[in-house]
Amino acid sequence: MSNPEHTKIVSREQWAEARKALLQKEKTLTRQRDQLNAERREPPRVRLEKVYQFDTPDGRKTLADLYQRLGRQQDAISDYERALELATLVPEQQFIRRRMQELSSENVRS
């Protein structure tokens with residue numbers, strides 16, 4: 001709280017102008033904060049060059065499996081597609097295609 005001894009006393013017109021200037025500064029700051037938050041939500045990403053697997057209580061899971069478990073179907077599909085691009089063995093490719101079909105059929109049922 002400000003010290004009453006140092007508070008500047010002005011006319012209503014001066015107060016209104018000072019208030020308008022302060023509101024303009026607040027609007028500018030709000031727009032800058034909103035822009036920063038938008039940039040924070042969508043940072044640039046590095047393309048994954050391999051299929052990562054994670055040890056979970058349910059066994060080994062891929063990133064796509066974890067996305068699927070979180071209900072982030074589009075992210076799971078994107079990760080399966082990326083894994084398909086990286087897969088070099090036919091059995092791997094078949095497995096990934098099966099997982100993608102399972103995910104697609106789950107989306108149709110939902």
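## Terms and confidence

The structure described here is a predicted model, and its mean pLDDT is 87, with 93% of the residues of the protein reaching 70 or more. Confidence is highest in helix H1, which covers residues 12-41 and stands at 96, whereas H4 has the lowest confidence, at a mean of 82.

## The largest pocket

The largest pocket has a volume of about 260 Å³. It is lined by 15 residues, of which Val 51, Thr 62, Ala 83, Phe 95 and Ile 96 are the closest to its centre. Two or more lining residues come from each of helix H2 (63-69), helix H3 (73-86) and helix H4 (90-109).

When the residues of this lining are sorted by class, eight of them are nonpolar, three are polar and four are charged.

## The second largest pocket

The second largest pocket has a volume of about 190 Å³, and the residues that line this pocket are Arg 45, Val 46, Arg 47, Leu 48, Leu 63, Tyr 67, Asp 75, Ser 78 and Arg 82. Here the elements that contribute two or more residues to the lining are H2 and H3, and H3 gives the most, with three residues.

Sorted by class, the lining of the second largest pocket holds four nonpolar residues, one polar residue and four charged residues.

Technical notes. Residues are numbered from 1 along each chain as its sequence is written. This is a predicted model: local features need pLDDT of at least 70, side-chain atom pairs count only at pLDDT 80 or more; totals for chains, interfaces and linings use all residues. Side-chain values use heavy atoms; hydrogens and water are left out. On a 1 Å grid over the protein atoms alone, a cavity is a set of points where a 1.4 Å probe fits but cannot get out, and a pocket is an open set with protein on both sides within 12 Å along at least five of seven lines; lining residues have an atom within 4 Å of a point. Grid points are joined across faces, edges and corners, and a volume is the space filled by probe spheres set on the points. Helices (H or I, at least four residues) and strands (E, at least two) are DSSP runs, numbered from the N terminus. Ala, Val, Leu, Ile, Met, Phe, Trp, Tyr, Cys and Pro count as nonpolar, Asp, Glu, Lys and Arg as charged, and the others, Gly among them, as polar. pLDDT is the predictor's confidence in each residue, from 0 to 100.
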